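Me: Got a chain here that I'd like to talk through with you. Shall we take it piece by piece?

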Amino acid sequence: MRIHSHAMGDPGSIPEATLFRQAQAGCLDSLNRLMARHEGLVHAVVRRHGLGVLSFAEALHAGRQGLWRAILHYDPKRGPAFSTYAWPCILRQIWGAAQAQARFEFSAMRSEARREWKDFRSRWS
């Protein structure tokens, strides 16, 4: 049986509210612990929602950015569980990345179409 106690020096026993405060104050160790602790949430969001034009790896990267932002802005005193707060943050970041990628691909496609149209017109002029 595992006992969670600060007196025993178990680093995993630090309360999550303390980790959030430390991460928001700039403690990279606390930030990394929270990122690792909630990595499964990123995977759940990516699996549940469509990725659009993103690859799985790109969606995970964007989702981790959303998790990072959620950790830095979460206030445990306000009420909702962290997962409830973080889910839309992660999803918003993934959607933003998918939209940016789609705009980039559409722009590249339009540029190619313009080149083809100019070639076509030059042949028939």
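Reply: Let's start with Ser30, which sits in helix α2, residues 28-37. Helices here are DSSP runs of H or I with at least four residues, strands are E runs of at least two, and both are numbered from the N terminus. This is a predicted model, where local features need pLDDT of at least 70, side-chain atom pairs count only at pLDDT 80 or more, and totals for chains, interfaces and linings use all residues. Residues are numbered from 1 along each chain as its sequence is written, and side-chain values use heavy atoms, leaving out hydrogens and water.

Me: How many helices and strands are there in the chain?

Reply: From the N terminus on, the elements run α-α-α-α-α. So the count, going by those DSSP runs, is five helices and zero strands.

Me: Is Ser30 buried or exposed?

Reply: Buried means under 20% relative accessible area, exposed means over 50%, and partly exposed is in between (1.4 Å probe, protein chains only). Ser30 has a relative accessible area of 2%, so Ser30 is buried.

Me: Which residues does Ser30 touch, not counting those up to four places away in sequence?

Reply: A contact means heavy atoms within 4.5 Å. Leaving out residues up to four places away in sequence, Ser30 touches Leu19, Gln22 and Ala23.

Me: And why does Gln93 count as buried?

Reply: Gln93 lies in helix α5, residues 82-124. Gln93 counts as buried because its relative accessibility is 19%.

Me: What does Gln93 touch?

Reply: Residues up to four places away in sequence aren't counted here. That leaves Ala62, Gln65, Gly66 and Arg69.
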